[in-house]
Amino acid sequence: MSAIAKPLIGSHTTEEEDPREHLMHDPLPRGEMNTMVLESMHTTTWKYWSLAGFLTFIVLTCLVYAWYLLIMNGLGVTGDNRPVYWGIFLVNVVFWIGISHAGTFISAILRVLKVESRRPFTRAAELMTTFGLVQAGLSVFMHMGRVWLSYWLLPIPNERTIWPDFHSPLMWDFMAINTYLICSTMYLFLPLLPDLAMARDRSTGWRKTFYKILSLGFRGTEGEWKNLKTAMNIFAFAIIPVMFSVHTIVSWDFAMATRPGWSSTVFGPYFVIGALHSGMAAVAIVLFMIRSTMKNMKYFIRPEHFDTLAKLSLMVSMAWAYFYFNDYLVPWYGGDKWEKILQDFTQRGPIGWLWYVMLFCNIVVPWSILWRKKWRQTPWLMAIVGLIINIGMWIERYVIIPEALTINRMPFTWEIYVPKLEIFLTIGTFAFFFLLYLLASRLIPLIPVWEVQEGQESHMLRKIGKAKISTVSEID
Amino acid sequence: MSDSTILLAIFEDIEPASKGIDVLHKLGLSDDQMNIISGIPVKEAILGRPDGRTHVGRIAFGGAILGLLFGLFLIYGIPFLFPLDAGGQPIYPVPQGFIICFEMTMLGLMGSAFLGMFVDSGFPSYTPKEYVPEISAGRIALLFHCPSGKQKGFTDALMKSGAQSVIPAEANQL
């Protein structure tokens, strides 16, 4: 009995893919790429300034003014009240820290694994980490109420010689988030140095001075590259466990409490995977915006990059569903009275619809769209999927925090949380994130040109049999 | 090296640059008399150069140890100096120690790697340096000490090996 390979019914001959569809096989001279990136930074239209003006207005009203009202009147003007003391502020903290995970995941993990398609969008993702953490930090300060006393968190003794209690999960949080913010900002700056030097060489006026100061005198000598690559390698390996630790510790803020819905041993990895889920999706949104609004970006950010992100998103979405099921099943099986009441409230209570929206956004949408290559490579569709996933992930945090706090072991305190001023502050943090990104897009090169050139130098097509196969050589 | 001038040979690509280095070796220059400046990192082996040394790893390791010690101080030193009994909970708990020590160790490691990169590279440095902007446009430059009187011979040999230009290196404000 012999097996003969037959073409599938209805199959068609596959057309050979044009290698120039891939950035690594469509090289341009470095000088031209430099010009394209700088041109994208220098081009500002009336639409750009209108958007910047609008975002500034939102930041001034929804963030600055609303926060002023919060400080002047106290936390009573928010919806935080017994039994829900942790409302949207904490939802935002967890959400923004989640967003910040994308930068490290894409830049560090994909760098360590040598995933070549990461090259043009690592910086766009790293910027999200830094700006996302800024919003997370602001949300913590808002939640503190008396923000002027925030120095009490620093490891210095107060007037009664009492130091902060490092045995508390909130202090672990403080240490972990600050470590992550400091390290991810340094990690953003390191690979930026050669591009700042490039911008310095081609700028005049105030920009020249700006890039000259920031590039620190970088020329690209052997020693400088050696030191830079060594430092980047150390960061790429070291920041990965820090990334995992940050969201695990954030999850412990909840899991260390013996409350229904929170006391879970699976919360650490479940939070980490949730962070990656929203982070990946947010990168797709940002890349779509960069590609469609900035000049020359279609050359650098291509459908293949959305494809890479979409595959990661699909994988992460499946992992999220797995952890969610784990977190759901065990309390359900355990049959604890309060856990059962909470699950009933979450799914069939007055705001039970949120639970279904969450599952639809986080599972149904990505699973039904991201399996198809053509759709994965459609930037606008990926941006929409990214937006839907982020809505789902924000709701997930809402379900975990204020909804879970509504149900406790003292039924006489049960009350549904109704957010008030914090809605405006939430809008303010989103506007501030986009404003920072908008300003940064005109100040620092969003594309790491040297990394793209390095990738293009190391890629070549090799003929094997009848096909041309992409091969990569390590030149660095 | 008072009896020498510094020349800058500019190459379009890695191949001719590695040939240029061979030419300089044949003309009697040692590796420490030349330096490569490039717009992307290139492995030393590709250009036939000896492995460069960096202290960044050691500095980072030292920083990690300092970070660990600081973490130990925060989690165990503070309760030792100011013991505070909170509901009979342990004063010197081990699991919490792991968390704080881990975060501080990683902060020390990465903070020192960052600073170590600056220290080892001599950053920030705003003094005039031998450099041409073509380097950040993808060219590779060979910066070397040329014995005086032999400038023409070196220039001709490098041009033959594929250099685009060989010019006296002037220190300019970057």
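1. The centres of domain 1 and domain 2 of chain B, taken over C-alpha atoms, are 48 Å apart. Domain 1 of chain B covers 4-40 + 138-172, and domain 2 covers 56-121; such bounds come from an automatic or database domain assignment. This is a predicted model, in which local features need pLDDT of at least 70 and side-chain atom pairs count only at pLDDT 80 or more, while totals for chains, interfaces and linings use all residues. Residues are numbered from 1 along each chain as its sequence is written, with chains lettered from A and ligands numbered from 1 in the order in which they are written.

2. The interface takes 52 residues from chain A and 50 residues from chain B, where contact means C-beta atoms, placed from the backbone, within 7 Å. On the side of chain B that touches chain A, β2 (34-38), α3 (56-81) and α4 (94-121) each supply at least two residues. The largest share of that side, 15 residues, is from α4(B). Helices (H or I, at least four residues) and strands (E, at least two) are DSSP runs numbered from the N terminus.

3. By class, the side of chain B that touches chain A holds 32 nonpolar, 13 polar and five charged residues. Here Ala, Val, Leu, Ile, Met, Phe, Trp, Tyr, Cys and Pro count as nonpolar, Asp, Glu, Lys and Arg as charged, and the others, Gly among them, as polar.

4. The largest nonpolar core has 153 residues, and A:Val283 and B:Met110 have the most contacts inside it. A core is a set of buried Ala, Val, Leu, Ile, Met, Phe, Trp, Tyr and Cys residues joined through C-beta atoms within 7 Å. Beyond its neighbours within four places in sequence, A:Val283 is in contact with A:Ala102, A:Ile106, A:Ala125, A:Met128 and A:Leu309. Another core, of 25 residues, lies apart from the largest one and includes B:Phe144, B:Cys146, B:Phe154 and B:Val166.

5. Helix α8 (residues 222-255) of chain A has 34 residues and reaches 49 Å from its first C-alpha to its last, close to the expected 50 Å; the expected span is 1.5 Å times one less than the number of residues. A kink of about 30° lies at A:Ile239, shortly before the proline A:Pro241. The bend is the angle between axes fitted to the seven residues ending at a residue and the seven starting there. Of the 34 residues in α8(A), 25 are buried: 20 or more other C-beta atoms, placed from the backbone, within 10 Å means buried, 12 or fewer exposed, and in between partly exposed.

6. A:Ser40 is in helix α1 (residues 30-42) of chain A and counts as buried because it has 21 C-beta neighbours inside 10 Å. Its C-alpha lies 9.4 Å from that of A:Thr293, 253 residues away along the chain. Leaving aside neighbours within four places in sequence, A:Ser40 is in contact with A:Met294, A:Lys295, A:Asn296 and A:Met297.

7. A:Asn296 has a positive phi of about 65° although it is not a glycine. This residue is in the loop between α9 (267-293) and α10 (297-300) of chain A, and is partly exposed, with 16 C-beta neighbours inside 10 Å. A:Leu216, also not a glycine, has a positive phi of about 60°. A:Leu216 sits in the loop between α7 (205-215) and α8 of chain A and is buried, with 21 other C-beta atoms within 10 Å.

8. One joins A:Arg82 and A:Pro83, with omega about 5°; A:Pro83 lies in the loop between α2 (46-73) and α3 (88-112) of chain A. The bond from B:Phe123 to B:Pro124 is cis, with omega near -10°, and B:Pro124 lies in the loop between α4 and β3 (129-130) of chain B.

Definitions and conventions: Two residues are in contact if their C-beta atoms, placed from the backbone, lie within 7 Å.
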